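Please look over the sequence and the model shown here before reading the notes that follow.

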Amino acid sequence: MLLRRWVGARTDESLAFAAHNAIAKISAVLPPSLRDDVESSTLLVPGKMSSDAAPDLAPIRAAIRSERKLALAYRDGQGASTERTIWPFGVGYFEEARVVMAWCELRQGFRHFRADRIASCRTLEERYPLSRQRLLKDWRLIEGAAAPE
């Protein structure tokens, strides 16, 4: 139940819906005593983020699953606009922001893109040359310090 509450408050609608359905399916097969424990949990999650801070990341998650490049129109922290082609491999859900982890072709390095600064996003037909698992592994090892092999 805590997971469903957290996902419902911190992610986009499609992911929250999927978490709700998963918990409902699990609860349905539990014995009544355990089902009651799930439903009466006293663990709480702070309120839902504003809709402005939680853009729909379903298209980005789909691009990650299919290992497709994304074309982004992005605004940096000062509001300057840039066009980027990225290889997305992960999404981080933090208290106040969603972050897309990706290899950036423009910068030739790993970058983190705040979802609330993505002005537009288009999935490209072209797949990126490395698997998302490899990108994630390289990112974890070097934390954006060098290009993947």
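Accessible areas are calculated by the Shrake-Rupley method with a 1.4 Å probe, and for residues only the protein chains shown count as cover. On that basis the protein chain exposes about 8900 Å², of which carbon and sulfur atoms supply 55%. The model is predicted, and local features need pLDDT of at least 70, side-chain atom pairs count only at pLDDT 80 or more, and totals for chains, interfaces and linings use all residues. Residues are numbered from 1 along each chain as its sequence is written, while side-chain values use heavy atoms, with hydrogens and water left out.

**Overall fold**

- The protein chain has five helices and five strands, where helices (H or I, at least four residues) and strands (E, at least two) are DSSP runs numbered from the N terminus.
- Following the sequence, these elements give the pattern α-α-α-α-β-β-β-β-β-α.
- Of the 149 residues in the protein chain, 35% are buried, a word that stands for under 20% relative accessible area, whereas exposed stands for over 50% and partly exposed for values in between (1.4 Å probe, protein chains only).
- If we take the contacts (heavy atoms within 4.5 Å) between residues at least 6 apart in sequence, 61% of them join residues at least 24 apart.

**Helix α4**

- Helix α4 covers residues 58-66, and Ile60, Arg61, Ala63 and Ile64 are buried in it.
- These residues lie on the same side of α4, because they cover an arc of only 155° around the axis, the arc being that of the directions from the helix axis to the C-beta atoms.
- Just after α4 comes Glu67, which takes a positive phi of about 55°.

**Glu105 and its surroundings**

- Glu105 sits in the loop between β3 (98-104) and β4 (109-114), and Glu105 is partly exposed, with a relative accessible area of 27%.
- Apart from its neighbours within four places in sequence, Glu105 is in contact with Lys69, Thr85 and Trp87.
- With Trp87 there is a side-chain to side-chain polar contact of Glu105 at 2.7 Å (a pair of N or O atoms within 3.5 Å; within protein, one must be able to donate a hydrogen and the other to accept it, and residues adjacent in sequence count only if both atoms are side-chain atoms).
- Arg84 is 21 residues from Glu105 along the chain, and their C-alpha atoms are separated by 7.1 Å.

**Cysteines**

- Cys104 is buried, with a relative accessible area of 0%, whereas Cys121 is partly exposed, with a relative accessible area of 33%.
- With a disulfide taken as a pair of cysteine sulfur atoms within 2.5 Å, the count comes to zero disulfides.
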